[in-house]
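Let us read a structure together, one feature at a time.

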Amino acid sequence: MASTLHLVVVNIENNIAIVQINNPPLNVLGKKVVQDLLKVFQEIEKNHNVRVVILTSAGQKAFMAGADIKEFPLWLGDKDMKRHVTANHELYQYIDGFSKPIIAVLNGLTLGGGCELALCCDFRIAEQHAKIGLPEINLGIFPGGGGTQRLPRLIGMSKTKELIFFGDNVSAQAAFTIGLVNKVTPSGEGLECALEWANQLVTKSMYSLSKVKEALMYGADHTLEEGIQRETELFYDVFQHPDAFEGIEAFIEKREPIFNKNKKFQE
């Protein structure tokens, strides 16, 4: 099944949605891309046939080379510019809190807003020619799409300051070394790798995965004690779900479990 908005193409097959940004030549994050991506992810959230999402872009030049700088002059001196930033944050927050696993395939330049978008995903697979960075400081501004908040949570404060203060791009391998990406593949093989990962994930309990994501997100913003309390509540929830009965029975019976018999796994 395939659907197309103005700048985003979606293909759904075997419980996997491949979301492709198609805004040549550099797939920049303009206002229309933000709107289309948000609409797509909202629709996928409600689609019980989708268990895993792969986010990538058309071509091999750029995953997303940042925001659309042509729109920036409209922001200069605009006392109401926060509305533009808020729209971007609405997208980032939605993807960050998405209940289903999201794998980003960084198939080229992943800069500024593109890097911030990738940070909202659960996994990042970078092709070896990808360049990743937050170069906003070179424009006299700084990352305003969550980069100052999500990046240190992922790679630590010291490396975050190095990337943002200097504004230099790093290679895919360097990004892997500091924990910014999960895996590096040869150029052109990122999507194949993402599909391998996605096909493994679709066999897992979607209900359990959604609760894992909820626990991790909650813990990142609360104390250890609060996080443990929430984890206990969610752990109780999964033990009441049919997938837990199936998984434990399958283990005892020495067979592979069959999860997600009820497509409405979130109910």
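Q: Before we begin, what counts as a helix here?

A: A helix is a DSSP run of H or I with at least four residues. Helices are numbered from the N terminus. Keep in mind that this is a predicted model.

Q: Then take α4. What happens just after this helix?

A: Helix α4 covers residues 147-155. Just after α4 comes Gly156, with a positive phi of about 95°.

Q: Which residues of α4 are buried?

A: Buried means under 20% relative accessible area. In α4, Gly147, Arg150, Leu151, Pro152 and Ile155 are buried.

Q: What covers these buried residues of α4?

A: Several helices take part. The cover includes α2, α3 (113-119) and α5 (157-166).

Q: Now to the strands. How do strands of a sheet pair?

A: They pair through backbone hydrogen bonds, and the pairing is either parallel or antiparallel. Here, an open sheet has four strands in the order β5-β7-β9-β10. Its pairing is mixed.

Q: Which strands stand at the edges of that sheet?

A: The edge strands are β5 (62-65) and β10 (170-171). Each has a single partner strand, so one side of each has no neighbour in the sheet.

Q: In which sense do β9 and β10 pair?

A: They pair in the antiparallel sense, over two bridges. Look at Ile132: its bridge partner in β10 is Val170.

Q: Next, the loops. Where is Ser99?

A: Ser99 lies in the loop between α2 (82-96) and β6 (102-106).

Q: Is Ser99 buried or exposed?

A: Compare its value with the cut-off. Ser99 has 11% relative accessibility, so it counts as buried. Its side chain also makes a polar contact of 2.4 Å with the side chain of Glu45.

Q: Where is His129 placed?

A: His129 is in the loop between β8 (123-127) and β9 (131-133). Its relative accessibility is 29%, so it counts as partly exposed.

Q: Which residues does His129 touch?

A: Set aside residues up to four places away in sequence. His129 then touches Gln60, Asn107, Gly108 and Ser187. Take Gln60: it is 69 residues from His129 in sequence, and the two C-alpha atoms are 8.9 Å apart in space.

Q: What polar contact joins the side chains of His129 and Ser187?

A: That polar contact is 2.8 Å. Asn107 takes part through its backbone instead: its backbone oxygen lies 3.3 Å from a polar atom of the His129 side chain.

Q: On to charges. How many salt bridges does a search of the whole structure find?

A: The search finds 11 salt bridges. Let us take some of them in turn.

Q: Where do Glu214 and Lys211 lie?

A: Both lie in helix α8 (residues 206-220). They are three residues apart, about one turn of the helix.

Q: Why does Lys211 count as buried?

A: Lys211 counts as buried because its relative accessible area is 17%, and the cut-off is under 20%. Glu214 is partly exposed, at 29%.

Q: Which residues are linked with Lys211 in a network of salt bridges?

A: The network links Lys211 with Glu214, Arg230 and Glu233.

Q: What about Arg255: with which residue does Glu246 form a salt bridge, and how far apart are the atoms?

A: Glu246 pairs with Arg255, and the closest N and O atoms are 2.7 Å apart. Glu253 also meets Arg255 in a salt bridge, at 2.7 Å, N to O. Arg255 is partly exposed at 32% relative accessibility. Glu246 is buried at 8%, whereas Glu253 is partly exposed at 48%.

Q: Last, the surface. Which residues form the nonpolar patch?

A: The patch is made of Phe235, Phe239, Ile248, Phe251 and Ile252. Together they have about 600 Å² of accessible area.

Q: Which helix gives the largest share of the patch?

A: That is α10, with three residues. Both α9 (224-239) and α10 (242-252) supply at least two residues each.

Q: Is Ile252 buried or exposed?

A: Ile252 belongs to helix α10. Its relative accessibility is 61%, so it counts as exposed.

Notes
Residues numbered from 1 in each chain as written. Predicted model: local features only at pLDDT ≥ 70, side-chain atom pairs only at ≥ 80, totals over all residues. Heavy atoms only, no water. Buried < 20%, exposed > 50% of the residue type's maximum accessible area, 1.4 Å probe, protein only. Polar contact = N/O pair within 3.5 Å; in protein donor to acceptor, adjacent residues only side chain to side chain. Contact = heavy atoms within 4.5 Å. Patch = residues over 30% accessible without salt bridge, like charges linked within 9 Å, V, L, I, M, F, W, Y side chains within 5 Å. Areas by Shrake-Rupley, 256 points an atom, 1.4 Å probe, with all protein chains shown as cover. Salt bridge = Lys/Arg side-chain N within 4 Å of Asp/Glu carboxyl O. Pairing = 2+ DSSP bridges.
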